[in-house]
Amino acid sequence: MSLKESLKNESRQEKEKLKKMTWSDRIWYIWEYYKLHMLGLAGVILVFYIIGTIFYNKSFTSQLSYVVVNDPQRAVADYEPLNQDFKEQMGYGEKDTINADGSMSMQQGGGFASEMDYANMAKLSAQVASKELDMMIADQSNIDHYASLDGFLDLEQALPADLWQELQDSIYYAKDESGNEFACAINLSDSRFPEETGNGLDPCYMGIINNTEHIDTIIAWIRFVWNPA
């Protein structure tokens with residue numbers, strides 16, 4: 001008997017066995033005798049899914065990423081419309097992303113810190129270390145804290161001269177790790193940002209992460225929220 005005929009005969013015998021069983025017995029039988037095959041197939045499908053997801057995600061380009069910390073209106077704030085407007089102004093395509101995370105809460109300055117606060121701190125540190133984060137929008141206590149860790153660029157050095165002059169009245173100063181005051185953040189309260197996103201921070205400060213690779217995009221974003229087209 002050839003291999004092909006042998007496989008056909010074995011398949012026929014399996015079908016005859018299953019026909020004589022109840023549904024519960026069939027399920028037990030299939031699981032008992034074929035579970036390794038099914039688990040193996042599931043594993044192969046999972047591997048292909050993971051590989052496909054990785055390649056799909058790599059097809060997107062992050063143009064700008066920021067977090068909003070301690071927004072009292074985080075449950076209702078919506079950053080997507082403003083982000084979409086900025087994408088259109090910049091001429092970005094469908095696979096260019098502007099990422100905003102408005103869910104973070106972190107208590108600084110001796111306040112009670114929950115497990116969630118510590119988890120957010122760890123998440124933020126990982127994003128900064130991997131250069132996935134460009135800006136932090138937060139309350140004064142968090143801006144002061146990360147300024148003291150040299151977490152922000154000096155805006156006097158980072159911003160073009162014309163933009164620096166325009167924003168003079170909105171610049172916030174804090175002390176760095178050495179105790180020297182520097183221009184660490186911009187008060188966005190007078191920009192279009194709070195009103196168009198529903199952000200409830202007052203004042204609403206924005207600092208530029210010191211290892212950002214998107215400084216030109218950030219400058220364009222600042223001009224965008226102050227001088228809409």
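Figure 1. Val67 is buried, at 1% relative accessibility; buried means under 20% relative accessible area, exposed over 50%, and partly exposed in between (1.4 Å probe, protein chains only). The model is predicted: local features need pLDDT of at least 70, side-chain atom pairs count only at pLDDT 80 or more, and totals for chains, interfaces and linings use all residues. Residues are numbered from 1 along each chain as its sequence is written, and side-chain values use heavy atoms, with hydrogens and water left out. Val67 belongs to strand 1. Strands (E, at least two residues) and helices (H or I, at least four) are DSSP runs, numbered from the N terminus. Not counting residues up to four places away in sequence, Val67 touches Asp101, Met104, Leu124, Gln127, Leu133, Met135, Met136 and Ile137. Contact means heavy atoms within 4.5 Å. Val67 and Leu124 are 57 residues apart along the chain, and their C-alpha atoms are separated by 8.6 Å.

Figure 2. Two strands pair if DSSP finds at least two bridges between them. Angles run from 0 to 180 degrees between N-to-C directions, and axes are lines fitted to C-alpha atoms, for helices over the stretch in contact. Strand 1 and strand 3 pair in the parallel sense over three bridges. Val68 stands opposite Ile137 in strand 3.

**Figure 3. Strand 6 and its two partners.** In a regular strand the side chains alternate between the two faces of the sheet. In strand 6 (residues 205-208), Tyr205 and Gly207 point one way, and Met206 and Ile208 the other way. All of these are buried. Strand 3 (residues 135-138) pairs with strand 6 in the antiparallel sense over four bridges. Ile208 of strand 6 is the bridge partner of Met135. Strand 5 (residues 181-187) and strand 6 also run antiparallel, joined by two bridges. Here Ile186 stands opposite Met206 of strand 6.

**Figure 4. The largest nonpolar core.** This core has 33 residues. A nonpolar core is a set of buried Ala, Val, Leu, Ile, Met, Phe, Trp, Tyr and Cys residues joined through side-chain atoms within 4.5 Å. Ile137, Ile186, Trp221 and Ile222 have the most contacts inside the largest core. At least two of its residues come from each of strand 1 (61-69), helix 3 (80-90), strand 3, helix 7 (161-166), strand 5, strand 6 and helix 9 (215-226). Helix 9 gives the most, with eight residues. Leaving aside neighbours within four places in sequence, Ile186 is in contact with Leu155, Leu159, Leu167, Ser170, Ile171, Cys204, Tyr205, Met206, Ile222 and Trp226. A second, separate core of 20 residues includes Met104, Ile143, Tyr146 and Ala147.

**Figure 5. Helix 3 against helix 9.** The two helices pack at an angle of about 115 degrees, with their axes 11 Å apart. Helix 3 is therefore roughly perpendicular to helix 9. Angles of 65 to 115 degrees count as roughly perpendicular, under 35 as roughly parallel, over 145 as roughly antiparallel and the rest as oblique. The crossing of helix 3 and helix 9 is right-handed: the near helix is turned clockwise from the far one by less than a right angle, whereas anticlockwise is left-handed. Helix 3 makes the contact through Leu82, Asp85, Phe86, Gln89 and Met90. Helix 9 contributes Thr217, Ala220, Trp221, Phe224 and Val225.

Figure 6. Most residues other than glycine have a negative phi, and most peptide bonds are trans. Asn70 is not a glycine, yet its phi is positive, about 65 degrees. Asn70 sits in the loop between strand 1 and helix 3 and is buried, with a relative accessible area of 12%. Asp150 also has a positive phi, near 60 degrees. Asp150 is in the loop between helix 5 (140-148) and helix 6 (155-158) and counts as partly exposed, at 30% relative accessibility. The peptide bond from Asp202 to Pro203 is cis, with omega near 0 degrees. Pro203 lies in the loop between helix 8 (193-197) and strand 6.
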